[in-house]
Amino acid sequence: MLSGRTLTRKAVALARRAAGVARRLKRRPRTSQEFWSTYNVTEHRRFRDRDESLRYFWWRSEQYFDYLEHMPVEGQDGKVVLDYGCGPGHDLVGFVEYSRPSRIIGMDVSPSSLSEARDRLGLHGAQPELMRIDEGTARLPLPDASIDYVHCSGVLHHVPDALAVLREFRRVLRPGGQSRIMVYNYESVWLHLYAAHMLRSAEPDGSRRTVREAFRRSTDTEDCPISEVWTPAQVSDMAIQAGFACRHLGNAVSVHELVILPRRFDAILNVDLEAEHRRFLLGLSFDRRGVPYQGDRAAGIDGCYLLEASG
């Protein structure tokens with residue numbers, strides 16, 4: 001039988017061990033690979049069958065108004081398709097179900113997400129080529145002019161050098177090839193209301209945070225190593241530098257942005273809110289669905305662009 005002192009020593013040792021594990025679990029991921037292996041868009045969900053996977057595909061797609069109009073997964077029959085930053089294969093499901101590509105390639109920095117993508121796509125009777133890429137280099141493991149279509153959704157704003165990645169898209173695309181990208185949109189309710197007002201006013205030191213820093217902490221958890229947000233002019237400038245003609249297709253509005261819209265009146269009343277955010281919120285109009293617009297563009301977080309090789 002163990003003495004009380006022995007039990008106490010064991011309890012202290014176990015408590016210290018548990019505290020050490022907790023500290024390691026709470027430690028902020030140092031690399032993109034580490035972060036995206038811990039966190040991904042499906043939250044590591046395991047799907048029982050094709051029907052459950054398809055229901056989830058449509059559920060997530062419908063959280064963003066008009067996303068599939070701007071970033072379609074159909075219409076790529078007979079083409080070689082690359083999904084750059086495919087994660088656990090969510091958009092790959094769309095391509096294998098609603099297009100018939102001759103070849104489909106998924107790339108990601110996270111080996112665990114690629115494994116999840118392989119399992120999920122197996123439910124759909126598909127075996128895409130899945131490649132792990134190194135976050136430290138933009139170079140894609142593909143020959144020049146070997147891809148017809150590059151799909152990149154919600155990824156470029158998380159990479160260390162977005163321009164270098166765009167130049168790689170240009171290199172691997174065949175003549176006449178296209179790319180569609182979705183990146184975080186500065187001109188959005190998410191930035192001008194959620195980040196600029198709601199998050200900063202909720203924290204004691206929030207007023208000292210820049211809007212971009214508040215935005216970075218608001219999207220893919222505050223531990224995400226890189227999370228940029230760009231204006232359409234900034235995206236167009238990067239695309240042109242990479243050798244593309246760029247067309248802004250529109251912006252997808254998240255359901256979250258619709259949920260928080262009534263808070264815009266609190267923001268407009270906030271004397272400390274910078275003028276650009278107040279004017280953005282004052283200038284919103286709405287379509288018949290209640291989707292907010294700033295001018296002729298939906299005021300959503302997902303900015304969607306079509307890139308075509310120029311010259």
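How many salt bridges does the count come to? I began my notebook with this, and the count comes to 16 salt bridges by the rule I used. I note at once that this is a predicted model, and I keep that in mind through every entry.

**Entry 1: the whole chain**

I looked up the overall make-up next, and found 13 helices and eleven strands in the protein. Of its 311 residues, 49% are buried. The accessible surface comes to about 15500 Å², and carbon and sulfur atoms account for 51% of that surface. I also checked how the chain contacts itself: among contacts between residues at least 6 apart in sequence, 75% join residues at least 24 apart.

In the pair of Arg50 and Asp51, the closest N and O atoms are 4.0 Å apart. Arg50 is partly exposed, with a relative accessible area of 36%, and Asp51 is partly exposed as well, at 45%.

Arg174 forms a salt bridge with Asp148, and here the closest N and O atoms are 3.2 Å apart. This pair links distant parts of the chain, since Arg174 sits in strand β6 (residues 173-184) and Asp148 in strand β5 (residues 147-153), 26 residues apart. I looked up the accessibility of Arg174 too, and found this residue partly exposed at 32%.

For Arg171 and Glu168, I found the closest N and O atoms to be 2.8 Å apart. These two residues are three places apart in helix α7 (residues 162-172), so about one helical turn separates them. Are they buried or exposed? Arg171 counts as buried because its relative accessibility is 16%, and Glu168 counts as buried because its value is 8%, the cut-off for buried being under 20%. I then followed the shared partners, and found that salt bridges join Arg139, Asp144, Glu168 and Arg171 into one network.

Which residues of α6 are buried? They are Ser113, Leu114, Glu116, Ala117, Arg120 and Leu121. Looking down the axis of α6, I found that these buried residues fall within an arc of 160 degrees, so they line one face of the helix. They pack against α2 (32-38), α3 (50-61), α5 (90-98), β3 (103-108) and β4 (129-132).

I repeated the check on α3, where twelve residues should again span 16 Å, and the end C-alpha atoms are 16 Å apart, in agreement. In α3 I listed Glu52, Ser53, Leu54, Tyr56, Phe57 and Ser61 as buried. The buried residues of α3 pack against β1 (64-65), α4 (67-70), α5 and α6.

The largest nonpolar core holds 37 residues, of which Tyr84, Met107, Ile147, Leu156, Phe169 and Ile181 touch the most other members. Several elements give two or more residues to this core, including α2, β2 (80-84), β3 and β11 (302-309). Which element gives the largest share of this core? It is α7, with six residues.

I took Ile181 as an example: leaving out residues up to four places away in sequence, Ile181 touches Met71, Cys152, Leu156, Phe169, Val235, Gly303, Cys304, Tyr305 and Leu307. Another core, of 23 residues, lies apart from the largest one, and among its members are Met198, Phe215, Val229 and Leu281.

Most residues other than glycine have a negative phi. Glu43 lies in the loop between α2 and α3, and counts as exposed at 67% relative accessibility.

Thr221 likewise has a positive phi, of about 70 degrees, although it is not a glycine. I placed Thr221 in the loop between α9 (211-218) and α10 (232-241), where this residue counts as partly exposed at 32% relative accessibility.

Terms used
Residues are numbered from 1 along each chain as its sequence is written. This is a predicted model: local features need pLDDT of at least 70, side-chain atom pairs count only at pLDDT 80 or more; totals for chains, interfaces and linings use all residues. Side-chain values use heavy atoms; hydrogens and water are left out. Buried means under 20% relative accessible area, exposed over 50%, partly exposed in between (1.4 Å probe, protein chains only). Helices (H or I, at least four residues) and strands (E, at least two) are DSSP runs, numbered from the N terminus. The arc is that of the directions from the helix axis to the C-beta atoms. Contact means heavy atoms within 4.5 Å. A salt bridge is a side-chain nitrogen of Lys or Arg within 4 Å of a carboxyl oxygen of Asp or Glu. A nonpolar core is a set of buried Ala, Val, Leu, Ile, Met, Phe, Trp, Tyr and Cys residues joined through side-chain atoms within 4.5 Å. Accessible areas come from the Shrake-Rupley method with a 1.4 Å probe; for residues, only the protein chains shown count as cover. The expected span of a helix is 1.5 Å times one less than its number of residues.
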